[in-house]
Amino acid sequence: MNASKLANYTDAKARQLWTTLYLCAKENPKRRFHALYDKVYRPDILAEAWRRVRANKGSGGVDGQTIERIVHEYGESKFLNEIYLDLKRKRYHPAPVRRTYIPKADGKQRPLGIPTIRDRVVQMATKMVIEPIFEADFKDCSYGFRPKRNAHQAIAQIRKASKQAYWVVDVDIKGYFDNINQEKLMKLVEQRISDRRVLKLIRKWLQAGVMEGVQFHETDWGTPQGGVISPLLANIYLNYMDTIWEKQFSHLGKLVRYADDFVVMCKTKKDALESIQVIKAIMSKLDLTLSKEKSRLINIWDNTAGFDFLGFHHRKFPVLIKGGKRIYVMSHIPSKKAMKEMRRKIKMYTEPRSKLYWPLHEVVQGLNRKLKGFKNYYSISTIAARWLNKIDWYVIERLTLFVNKKRNVRNKHSRVGEVMKATRGSLVKLAGEDYRMPKKEEHRKAV
């Protein structure tokens with residue numbers, strides 16, 4: 001069987017297992033599953049887990065093993081066979097995660113815990129087995145890190161709810177992943193899983209510890225961001241809130257959650273204030289606290305205020321209808337933070353002097369990869385074109401600067417028209433086919 005056929009076979013087998021477990025869990029909401037561990041090390045499940053980990057790429061963990069080394073030197077069959085035997089003979093033990101940091105738009109750094117490739121494969125296999133069981137319980141208000149769900153669907157719910165909502169509770173949980181109570185998390189997992197071997201696996205990952213340089217740190221709280229199974233565990237933990245809200249407090253407003261970020265769309269200020277007290281009480285039960293600096297209560301009656309969520313700024317903009325009447329309709333534009341981060345990426349890509357030796361078309365090809373992702377995510381409303389146009393102009397200005405530096409032209413910002421002509425048809429445009437010169441103040445902000 002060639003590689004393509006094998007991938008299709010393992011994927012089909014994994015989907016068949018997923019569907020079976022999901023239907024069983026959906027049929028009986030109180031059922032606890034006890035025979036799951038042998039499915040984790042099933043050869044076809046391990047093969048599919050490895051295929052997904054390999055496709056996700058990523059760097060290695062504390063053992064220095066990389067995906068490339070496994071593929072080209074160590075051998076994939078040998079690698080998977082060792083995992084199979086370790087799991088079957090119950091001698092598998094995870095390594096500590098490798099601590100690394102990624103920069104945030106506000107200048108701070110987000111800590112990530114990178115498991116070894118071996119641990120990522122076992123986590124992926126375990127996730128494939130237990131995810132459908134919990135998916136049967138997850139509520140419709142949750143959109144983050146779930147199959148066939150995404151941020152655009154969450155935004156569509158906000159737009160729908162905004163037709164009857166005039167107040168928004170914008171919630172930020174302080175250090176969510178670092179402050180999950182592991183004991184309470186395991187109790188929530190145990191409501192659906194009674195297989196002690198699987199429970200032991202999850203506990204091992206939670207308590208594997210972190211290596212920061214040569215320093216080892218124990219992990220008695222939280223789940224490491226960066227682990228394959230961490231998003232699922234994070235959803236299991238907050239599903240407690242989703243369930244309580246749906247059963248007892250849905251009359252207060254529409255809850256829309258994406259991982260640890262969520263908002264409540266309320267009709268009245270009274271409902272919004274009551275929602276805040278309910279959320280605080282639920283967070284207290286989960287040993288979590290709200291960030292006072294980032295959590296907000298916003299009036300979205302008109303276009304005087306809005307809120308940021310999932311990289312967008314959500315605000316009601318004025319629309320004229322028949323008879324000259326003005327109404328306010330919810331729309332979504334890139335947030336200031338997202339715009340700033342995109343400009344940073346464009347500048348970082350075009351700034352290095354080493355790239356002055358590149359032909360213009362190669363620089364454009366590299367930029368296009370960044371621009372396509374930004375366009376696919378942010379061009380979901382017609383009103384967003386005005387903001388996307390600012391990025392289009394910023395790209396032209398950076399390319400003009402690049403070309404003039406390359407030619408040692410004294411006026412670094414001249415020949416804009418020449419660059420526009422040279423890149424026409426090859427450069428991805430976020431706001432459509434034609435450029436629209438931003439207003440003077442907009443143009444200045446774009447730069």
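**Close-up 1. Contacts of Asn 404.** Leaving aside neighbours within four places in sequence, Asn 404 is in contact (heavy atoms within 4.5 Å) with Val 409, Asn 411, Lys 412, His 413, Ser 414 and Arg 415. Asn 404 lies in helix H14, residues 385-406. Helices (H or I, at least four residues) and strands (E, at least two) are DSSP runs, numbered from the N terminus. Asn 404 has 0% relative accessibility, so it counts as buried (under 20% relative accessible area, with a 1.4 Å probe and protein chains only). The model is predicted: local features need pLDDT of at least 70, side-chain atom pairs count only at pLDDT 80 or more, and totals for chains, interfaces and linings use all residues. Residues are numbered from 1 along each chain as its sequence is written, and side-chain values use heavy atoms, with hydrogens and water left out.

**Close-up 2. The second largest cavity.** A cavity is a set of points on a 1 Å grid over the protein atoms alone where a 1.4 Å probe fits but cannot get out; lining residues have an atom within 4 Å of a point. This cavity holds about 40 Å³ of space. Volume is the space filled by probe spheres set on the points, which are joined across faces, edges and corners. Its lining is Thr 350, Glu 351, Pro 352, Leu 356, Arg 398, Leu 401, Phe 402 and Lys 405. H14 gives the largest share, four residues.

**Close-up 3. The largest cavity.** About 90 Å³ of space lies here. Of the 15 lining residues, Val 97, Pro 115, Gln 123, Trp 205 and Pro 224 are the closest to the centre. H6, helix H9 (196-206) and H10 each give two or more residues to this lining.

**Close-up 4. The second largest pocket.** A pocket is an open set of grid points with protein on both sides within 12 Å along at least five of seven lines. This one holds about 760 Å³. It is lined by 28 residues, and Arg 52, Asn 56, Met 124, Lys 127 and Val 228 are the closest to its centre. Helix H6 (117-135) is among the elements that give two or more residues. The largest share, five residues, comes from H6.

**Close-up 5. Helix H8 against H10.** Helix H8 (residues 182-190) packs with H10 at about 85°, with axes 10 Å apart. H8 is therefore roughly perpendicular to H10 (65 to 115 degrees). Axes are lines fitted to C-alpha atoms over the stretch in contact, and angles run from 0 to 180 degrees between N-to-C directions. H8 brings Lys 184, Leu 185, Leu 188 and Val 189; H10 brings Leu 233, Ile 236, Tyr 237 and Tyr 240.

Conventions: Buried means under 20% relative accessible area, exposed over 50%, partly exposed in between (1.4 Å probe, protein chains only). Angles under 35 degrees count as roughly parallel, over 145 as roughly antiparallel, 65 to 115 as roughly perpendicular and the rest as oblique.
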